[in-house]
Structure formats: C-alpha cells, structure tokens
Amino acid sequence: MRLAEPINLNLILPFLYKMIEDFDIADSPKDISYYSSMLFMSFSIGQTMIIVYWGRLSDRIGRRPVLIAGLVGILAVSILFGFTKSFAMAIVLRFATGVFAGNGSVMKSAMAEIADDTNRSRMMALLPLSWNFGSMVGSGIGGVFYNPAEQFPGLFGNFKLFIYFPYLLPCLMGSTVAAYGLAAGFFNFKETLILQPTQPTHEEAASELPVAAGGSTEATPLLAQSTKPSSMRSLLTPLVVRVMVTNAIMCFAYVMCDQLYPIFAATDPRDGGLGLDPRSIGISLGVEGIVVIYLQLVVYPRWERKYGALDCYRRGLAFAISYAVCMPFLSIVAAHLQTSASTLSMSYEYIGMWVILMSLMTMRITSSVMSYTSINLMITNMAPSRADLGFMNSTQQLGMSIMRIFAPAISGTLWSWSIKHSLPFPFNSHFVWLLSALLLCIVLWQSYSVPDSVNKFAADQPKPIAITEESDD
C-alpha cells in the first residue's frame, strides 16, 4: 500500500527536464528548473491543504477507509497524468496527487499501533524503506520506460498512443502498483485503531492492557483510554515544537537537494551540471533501491537498538552534509569528459565519474534512511497516547509539506540564477548545494538540545497522575 505513493510521485523525475522542454514554455534551458519547481510546489500545496484533515479523520473513522480513499485517488490521477500535454494540466494533476498522497501520516499511525516495544524500530523502519525503495523503483520506471516508441521501437514503435503520449507507459505502470495496493488494502488490511465510543467495563479494560517487556501495572495506559485524543495545546509542548521545527528545516534542505538533483544531472556540464540523459538519471536514482533494503532492514535496526533513534538521526545528518558539499564538484569531472568526448566510450574517466556518482548517491540514501526513520520514530515516541498518533504524525507531515512548497521554488530559482550569472564560488552552481548543507548543519547543532527521552515510546509508558507543570503546585 505504501509503495504506490513514492513510485507515482518519483517516476517523473528522470524525464521531468525533457517533459518541460516538450511543453515549450521555458525561454531557455537555464529556466527549466524554475518550471520544474512549480510542478513540485503544486504537489506540496495539495498535500499541505489536506494532511491534518486526513490524520484527524483517521483518528475518528479509522485508518483503513482513509488509506483506501487515498489509493483510489492516486490510481486515477496517475493514469490521467500520462495523458497530459500542457504545463497547466500537469500542475492540476500534481496538485491532485498531493491531495490524495496526504495520508502518509495515517500509515505511520497504523504501523505504530501494530508495533510494540520489541519491534517498534524495525516496524517503523519499514515506512522509509517502502518510501525509499518506491522512490528508486519509480525513478527507474520513469527513466527506462519514458517515450517507449523511441526507446523500444521493436515493441512499441507501432503504438500511436505511446507516440502521441510519450510519458503514458511509466504512468500506467505506476498506476498498476496503486491498483495492487488498493486490492491489498481492501481485502487484507485490517483496522488498527480501536474505536470504542463508550466507557469500557473493568473487565473489558483489563483485557486490553498492552503487553510490556516489564509487565503491566495499574498505571499502564489502557488502549480503551486512548480513544479520546488529547487537546492540541497539550500535545504541542516545547519539546515537540522544537523537534517538529528541526524536522521541517531538515526536510527543507533534503527537498532542495532531492528536487535539484534531476535538474542538476540533466544540465549541461558547462553550466555546472552532469549532462545525463533521462535513462542515465533513472539508473542513477534506481540503483539505490538495492542499497536501501539492506540499510533499512539490517543496518538501521541494529544501530537504533545500540545507539538510539536520536544518535542515528545525528549520524544521518552528518552523511547528508557530506553529500551536499561534495555533489556539485562532480560537474568538474563531467565537464572534462565533455571536452575530451570520453562519454562516448567506457573510458577510465567515465567509469570513475559513475563510481563517484554512485558513491555519493549511496551516501544520500544512507542519510535519508538514518534521518527520516529516526525522526519518524522520535515523533511517534513523543505521542502521549495512541489516540494522538494521527495528530502527531499529520502535524509532522504538515510541516514537511509546507517546506516542500517553498524548497523546490527556492532551489529552482536559485539554481537558475546561479548558472545564469558568472559569479565566483560559492555563488556559482555550488550555491544551492552549500545552502542545503548549511541548513543541515543548523539542524545537527539543534539536535544536541533534544533529550534522550525521545528514544522511548511514551504511549506505553506508565504515566503519573500529574502531567502538567501547574499540577506541581
């Protein structure tokens, strides 16, 4: 179910540059990043407008109907996107994709409700695993299967549908994943939220005590008690706000890098890019899918058990900073290859460039796994009850969605500005990358003010009678 969103979201990345060229709206290739940022913004605007509503709705009617409704929308919009022939229609459909993709926080809540203290880190790691793996698969689909009539003339050369709609095939493949997720959710997914509008009897409450490693006591919260969400004011404590803000800044920096990469990779090396075609961009993004499975299922759970989510979060930020600083220097190698025409053969320089590129992309996916998995786990851990998981996760997603509105616009605008003007380092093609690294440094510094208590799941912890500062008097 979770794979449908990242696959359909990211399959446009490899051919985004070419698609905007085909729309014939950019005055020059250096302006393409500006229009691509508008496409990314439309998705985030749609997601931001609905994200909290999806979370609160799932707290009231359950996780299952909200997740199914989102998959139905993604299925329909993905098919329609393959038929788009104008920039305006692409904007509308990306906005609709954001609306229906706004229930990602609901999936986090469902996973948190399924998990317990013995497997929570591994269960929560499945969410970014599916996201990262889906993103890689989606990018691979977009890069390999865009314009199939030209890439695979023996198979699709006579299909007029694919000649007139060159981006339809990858969109149909993405919609197939959404259809499979919809079927799996409808027939196999069971509701995880316990909806109990009336006060349970003593016997019913006793039967719903959560199982804890150290045993349960009278102070252990009941699942039945978690059916009444806390007030927004009580949930937004200074610690929660601090973590949410650092998460938003981190997301802003990550989105700047992630949305810039396909444009950077397609830009001419003389302008500070890599000069890759859509197929190569798809491959560079898709190969990471092999790495992410091992990182997410093997490496991260071990590190989280040994060091805690907070420490893993800091390690991920350190990897991300290194990636953002190093990536723009690769354009120097690409420019040398362009001058020597070595890209046409398997030269040592060409192989070396790809080795460096894949090393940096591995660093990127490692940082993403460590940072996003950890922050998801930390925010879930801070929810005082299970009934508040929907609000906590949707609020986190809201902050990230707001950042995803502005980050593409700023990165696209700054990228166009930096390659249009002959300014010295660091205001040349390195500028957006270094700005992202600076923001990540700020987040890393702020993370040291977060206490280690975020490493434990608060909803299953025994709670004292007095939980507010005023009750101490």
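Predicted model: local features only at pLDDT ≥ 70, side-chain atom pairs only at ≥ 80, totals over all residues.

Contact here means heavy atoms within 4.5 Å.

Q: Which residues does Ser436 touch, not counting residues up to four places away in sequence?
A: They are Ala253, Met256 and Cys257. Ser436 itself is found in helix H21, residues 431-447.

Q: What makes Ser436 buried?
A: Buried means under 20% relative accessible area. Ser436 has a relative accessible area of 0%, so it counts as buried.

Q: Why is Asp24 called exposed?
A: The cut-off for exposed is over 50%. Asp24 comes in at 65% relative accessibility, so exposed it is. You'll find Asp24 in the loop between helix H2 (16-23) and helix H3 (32-61).

Q: And Asn147, is that one buried or exposed?
A: Asn147 has 17% relative accessibility, and buried means under 20%, so Asn147 counts as buried. Asn147 sits in a loop too, between helix H7 (120-145) and helix H8 (148-151).

Q: What is there to say about phi of Asn147?
A: Phi of Asn147 is near 50°, which is a positive value in a residue other than glycine. Asp24 isn't a glycine either, and has a positive phi of about 55°.

Q: Where is the cis peptide bond that involves Pro426?
A: The bond runs from Phe425 to Pro426, with omega near 10°. Pro426 belongs to the loop between helix H20 (389-420) and H21.

Q: How are two packed helices described?
A: By the angle between their axes and the distance between the axes.

Q: Which residues make the contact of H14 and H15?
A: H14 brings Tyr261, Pro262, Ala265 and Ala266, while H15 brings Ile281, Ser284 and Leu285. Six of these residues are nonpolar, one is polar and none is charged.

Q: How do helix H4 and helix H6 cross?
A: The axes of H4 (residues 63-81) and H6 (residues 104-114) come within 10 Å and cross at roughly 145°. H4 passes H6 in a left-handed crossing.

Q: Which residues of H4 and H6 meet?
A: Arg63, Val66 and Leu67 in H4 meet Val106, Met107, Ser109, Ala110 and Glu113 in H6. By class, that contact has five nonpolar, one polar and two charged residues.

Q: What makes H6 mostly covered?
A: Ten of the eleven residues in H6 are buried, among them Gly104, Lys108 and Met111. Buried means under 20% relative accessible area, so with ten of eleven below that cut-off H6 is mostly covered.

Q: How many helices and strands are in the protein chain?
A: There are 21 helices and zero strands. Of the 473 residues in the protein chain, 56% are buried. The chain exposes about 20600 Å², and carbon and sulfur atoms supply 66% of that.

Technical notes. Residues numbered from 1 in each chain as written. Heavy atoms only, no water. Helix = DSSP H or I, 4+ residues; strand = E, 2+ residues; numbered from the N terminus. Nonpolar A, V, L, I, M, F, W, Y, C, P; charged D, E, K, R; others polar. Buried < 20%, exposed > 50% of the residue type's maximum accessible area, 1.4 Å probe, protein only. Areas by Shrake-Rupley, 256 points an atom, 1.4 Å probe, with all protein chains shown as cover. Axes fitted to C-alpha atoms, helices over the stretch in contact; angles between N-to-C directions. Left-handed = near helix turned anticlockwise from the far one by under 90°.
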